[in-house]
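Subject: Structure handover

Hi,

Here is the structure for you to pick up. My notes on what turned up follow below.

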Amino acid sequence: GFRRLLIGRNVKMYEKTLIFAALLYLVVAEPTIYLKETFEEDPMGRWVESTHKSDMGKWVWTAGKFYGDADKDKGLQTSQDARFYGISQKMEKFTNEGKTLVVQFTVKHEQNIDCGGGYLKIFPSDLNPKDMHGDSPYNIMFGPDICGPGTKKVHVIFNYKGKNLLTKKDIRCKDDVYTHLYTLIIRPDNTYEVKIDNEKAESGDLESDWEFLPPKKIKDPDAKKPEDWDERETIPDPEDKKPEDWEKPEHIPDPDAKKPDDWDDEMDGEWEPPQIDNPEYKGEWKPKQIPNPQYKGKWVHPEIDNPDYKEDKELYKYPDFGYVGLDLWQVKSGTIFDNFLVTDDEKYAEEFGNETWGKTKDPEKKMKDKQDEEERVKREEEEKKAKAEKKDDDKDDDKDDDDDDKEDDKKEDKEDS
């Protein structure tokens, strides 16, 4: 009986352990979502537009001219050309200390943008959303920026101790008219990753790819290259002599030229034949090169530890996040922003991207292809109609000319009679 009692207690403890482990797994695995916005409901009451300038561009809530899903593809669209735009959404104040930070959203330049921003900014919680503008302090700026053929990049800018730091790497953005997914991942080990359409576009570590800190090593200010240090790999051969027949003029009189018969020395001056390149000219003579016996190689300036360098293991960390905002300028409007996500879970962000952008990207392209084909057919029909009308007009003009000629002939016959 005691043995059965003991076994029963062990089974119950094991079951409790399993339940506790399962609950713990759920707590640990559950992503923290600071912001998720798909704009399936009208956002104009929730997102706050900046009134910093009196002529700020107007935002509209739409899926645009073509889309994969009329409701799911609705987002915030810029609607007026050559304007500044500003709009933001408040989040619960949080810090990413000890956690991964994932910032993700979609951008669709359906207007085939020529010059304008497509990036977002993550602000601290003390932002005044009504007064948000280009100089409002932010923590992170991320997303595509296009201006002409020379600028087609993904910005990743971090604010560190009051300075906005641009990445050293050139990350190319998408420049077509379709929706694309942009993801920035910042990890507590000071590494990062940029993904475009859920595929890695760039990655590395923060200290290497941004100038957060001064260099670890600097050139030794006390070190100087020795005066007798010879960096010449070769030197002129001191034994080499210029050949006696080397000196030839670069140009000579043309031996085939003849004085014109009508040349008058008194009127035209003394005749001289034109100059031609001398085939025997060898150019400036230089002695041949030989290996330099004193060659010591290229002198390398020795380096020392930089006294100003201080390691920072928390480059990734921001104590205060509070707003997501769009603060940008566009020459040609029409960009649609959608599917915003700020979370601490890379896997969840990838799945969210696949569930939103991933499901509508192909139908979106199909609709655009259909529209393009319809426009092509319509354009061809209009061109065909215009050609036919022109042909009819030409025939009418020819008939009018023939009638005029007949009238002229009748008048001439009357006059002759």
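Predicted model: local features only at pLDDT ≥ 70, side-chain atom pairs only at ≥ 80, totals over all residues.

**Overall**

The protein chain has five helices and 22 strands. It holds 417 residues, and 34% of them count as buried. Take the contacts with a separation of 6 or more: 74% of them join residues 24 or more positions apart. The accessible surface is about 27200 Å². Carbon and sulfur atoms own 48% of that surface.

**Surface patch**

Val331 is also part of a nonpolar patch on the surface. Why does Val331 count as partly exposed? Its relative accessibility is 31%, and partly exposed covers the range between the 20% limit for buried and the 50% limit for exposed.

**Cores**

The largest nonpolar core has 56 residues. Which members touch the most others? Ile140 and Phe340 do. A second, separate core has six residues, among them Ile185, Leu341, Ala349 and Phe352.

Phe340 deserves a look in the viewer. Leave out its neighbours within four places in sequence, and its contacts include Leu35, Lys36, Glu37 and Phe39. Trp47, Gln104, Phe105 and Leu120 are on the list as well. Val324, Leu326 and Phe352 complete it. Phe340 also belongs to an aromatic cluster with Phe39, Trp47, Phe105, Phe142 and Tyr182.

**Aromatic pairs**

The count comes to 19 aromatic pairs. Two of them are described here.

Trp59 and Phe337 come first. Their ring centres are 6.1 Å apart, and their planes meet at 65°. The pair is edge-to-face because that angle is over 60 degrees. Trp59 lies in strand β3 (residues 59-62), while Phe337 lies in strand β22. The pair therefore ties together parts that are 278 residues apart in sequence. Are these two residues buried or exposed? Both Trp59 and Phe337 are buried.

The other pair is Tyr318 with Phe321. Here the centres are 5.4 Å apart and the planes are at 55°, a tilted arrangement. Tyr318 is buried, at 7% relative accessible area. Phe321 is buried too, with 0% relative accessibility.

Where is Asn190 found? The loop between β12 (179-186) and β13 (191-196) holds it. Asn190 counts as buried because its relative accessible area is 10%, and the cut-off for buried is under 20%.

Best regards

Terms used
Residues numbered from 1 in each chain as written. Heavy atoms only, no water. Helix = DSSP H or I, 4+ residues; strand = E, 2+ residues; numbered from the N terminus. Buried < 20%, exposed > 50% of the residue type's maximum accessible area, 1.4 Å probe, protein only. Contact = heavy atoms within 4.5 Å. Areas by Shrake-Rupley, 256 points an atom, 1.4 Å probe, with all protein chains shown as cover. Core = buried A, V, L, I, M, F, W, Y, C linked by side-chain atoms within 4.5 Å. Patch = residues over 30% accessible without salt bridge, like charges linked within 9 Å, V, L, I, M, F, W, Y side chains within 5 Å. Salt bridge = Lys/Arg side-chain N within 4 Å of Asp/Glu carboxyl O. Phe/Tyr/Trp six-rings, centres within 6.5 Å; stacked < 30°, edge-to-face > 60°.
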